[in-house]
Structure formats: C-alpha cells, structure tokens
Amino acid sequence: MGKNKRTRKFVIQRFAQMKRMISLTDSRIKPEHRAPPRKVKKENPTEIKITEAPQQSSALFFHYNTQLGPPYHILVDTNFINFSIKNKLDIIENMMECLYAKCIPYITDCVLGEMEKLGQKYKIALKIMKDPRFERLNCMHKGTYADDCIVNRVTQHKCYIVATNDKDLKRRIRKIPGVPIMYVAHHRYTIERMPDAYGAPRK
C-alpha cells in the first residue's frame, strides 16, 4: 500500500473517532460541564411579569425639590474650578451673586484625588480646593472616578446643586429629577432648573 493511501486511511479513521464523541448537550454529561440548550424557552403571555422600579425621592413635590434651600450645598467638579480660574471668577462670591443666598461648596475625596493626579500645572486649583471655606466629603466607595461619585451622591441625597462644565456629567445629571446644575457661561455663573435664581438663563 502506497504512503498516500495509508495516510488517507489514517485520516478517515481519525475523523470517524472524532464523530463518535459525546455531544456537549448529552444528558450523560454532568450538568456543570453540559452546554446550554440552543432552543430558547418561549415566554408565557399569561404569566405575571414582576418589574422593580426605584422608589422616587420623597424630597420631590411634583418636579420641585423641597430639600433645596439656603444655605445651598454645592458639589464642585474639577473642571468647574478650572473654568472659574480661566474666567478670573471668585468661586464663593460668584455663587452667592448667582443664588442671592449663602453657598457652601463641597469637595469629595474623588474630585480632590482627580485634581492631584493632574500635576503641578493645576496647583492653583488645588490650593483653592484646600481652602477652609470648602467643605470636604469623605468617599467610602471603591475607585476614584469623580463623575460616578457625584452622580451616586446626588441620586441618594437630593440636597445638592452640582457645579460642573463637563458635558457628559451634565447629561447624566439631567436624567436625575430635582438636581440643579451650575456652570460657567459668558464670564459668570449660570444655573439650570432653578428659574427663580438670578443666574438662571432668561427665556
């Protein structure tokens, strides 16, 4: 028998052995090693569906947030401070001009950590953050992503105004009802969702 014929015969035998292997969906295989069935079970239209909806905050009276009032508690983001320095605006003074009331700016550990990572270029912003008039909020969660930290804090407690110029963060906060957003525009502070405020944009 020639070499080619022997090789071909060996390949055919090998292939036949492979075909005789047990299927992964076979009931003889242990359940943890068994492959999931291909057919998806059809939903029963008569079965009652249970959906969990998050409980709405008791601070909201229709769309009005009853927890907002002077002195205002303002969560400050890193780029809000950078924009304020760029526009030569005193943060606390301009916040009071915008809202006509006492304002307490708050800095979370995540925001401070984010500013420290930016290096020596932003040492003026870091110095402003460490001002004793700025209140510190300790973070108990894992990670140091400031945007997630602010969103989570604002979702849990509706007593804050968020000061930021970050478009992504503003878009995320607009989805949370009853949370005003303060930002820098036209060399002054402007605020969304507070129509009675002096700094609110005119229609």
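In this predicted model, arginine 172 comes out as partly exposed, with a relative accessible area of 31%. Its partner is aspartate 148, and the two side chains meet in a salt bridge, 2.8 Å from N to O. Aspartate 148 sits in helix α6 (residues 146-156) while arginine 172 belongs to helix α7 (residues 167-174), so this pair ties together parts that are 24 residues apart in sequence. Aspartate 148 is partly exposed too, its relative accessible area being 31%.

Helix α7 has another pairing to look at, this time between two of its own residues. Here arginine 171 forms a salt bridge with aspartate 168, and their closest N and O atoms are 3.0 Å apart. The two residues are three apart in the chain, which is about one turn of the helix.

Arginine 136 forms a salt bridge with aspartate 109, with 2.5 Å between the closest N and O atoms. Arginine 136 is found in strand β5 (residues 135-137) and aspartate 109 in helix α4 (residues 109-117), so the bridge ties together parts that lie 27 residues apart in sequence. As for accessibility, arginine 136 is partly exposed at 45%.

Overall, the structure holds five salt bridges, including the pairs described here.

Definitions and conventions. Residues are numbered from 1 along each chain as its sequence is written. This is a predicted model: local features need pLDDT of at least 70, side-chain atom pairs count only at pLDDT 80 or more; totals for chains, interfaces and linings use all residues. Side-chain values use heavy atoms; hydrogens and water are left out. A salt bridge is a side-chain nitrogen of Lys or Arg within 4 Å of a carboxyl oxygen of Asp or Glu. Helices (H or I, at least four residues) and strands (E, at least two) are DSSP runs, numbered from the N terminus. Buried means under 20% relative accessible area, exposed over 50%, partly exposed in between (1.4 Å probe, protein chains only).
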